[in-house]
Amino acid sequence: MSNVVIIDYGAGNVQSVKFALERLGVQAVQSADAEVIKSADKVIFPGVGEARSAMEVITKMGLDKVIPALEQPCLGICLGMQLMCSFSEERDTPCLDIFQEKVKKFNIQHKVPHMGWNTVSIKDSKLLKGIADNASFYFVHSYYVPVGKYTIGVSDYGHEFSAIMQKDNFYGCQFHPEKSAINGSKLIKNFLEL
């Protein structure tokens, strides 16, 4: 089985990601060590919380240089995906600039955060193999990435936004696959098989 590293910078939903991997028979390593991360076959970059404080920790650890330079498959989850973008409106935060997109605050009639199950309309991608179009996933977020050239999955909450993104070896999902039952488990399995 591949050597999977979960980037542990203190702002991730690391335990629930680790349990989701264990359910698939994978023992992942939690680490913030650059060499450990770089030597992984697959890297998962989770995130929960607030963009600026997360970026401050990532920068202090030197991971702002490590993450964008990764060449193996890397999956950003929730805040992790947002931090892979160029900039977040959340406290005007410069991010990792992997996806050249700006993260915006929901300015809609609906209740924010967008929280709970929502459907995702998906494009053809190895990450989404065997997952039906309009499958449901579990979301919790107040900021979103607009639909753009890296979008491979679209969800709608007041308006359409990027639910899944891909650029080269980098993937991101705005929802929590580790909390998304069978569809989330399938997505993680597909990621591990990339």
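Predicted model: local features only at pLDDT ≥ 70, side-chain atom pairs only at ≥ 80, totals over all residues.
Residues are numbered from 1 along each chain as its sequence is written, and side-chain values use heavy atoms, without hydrogens and water.

**Aromatic pairs**
- Rings of Phe, Tyr and Trp (its six-membered ring) pair if their centres lie within 6.5 Å; planes over 60 degrees apart count as edge-to-face, under 30 as stacked and the rest as tilted.
- The count comes to ten aromatic pairs.
- Phe106 and Phe161 have ring centres 5.7 Å apart and planes at 85°, so this pair is edge-to-face.
- Phe106 is buried at 6% relative accessibility.
- Phe139 and Phe175 also pair edge-to-face, at 5.5 Å centre to centre and 75° between the planes.
- Phe139 lies in strand E9 (residues 135-141) and Phe175 in the loop between strand E13 (170-173) and helix H6 (181-192), so the pair ties together parts 36 residues apart in sequence; helices (H or I, at least four residues) and strands (E, at least two) are DSSP runs numbered from the N terminus.
- Both Phe139 and Phe175 are buried.
- Ring pairs link Phe106, Phe137, Phe139, Tyr144, Tyr157, Phe161 and Phe175 into a cluster.

Definitions and conventions:
Buried < 20%, exposed > 50% of the residue type's maximum accessible area, 1.4 Å probe, protein only.
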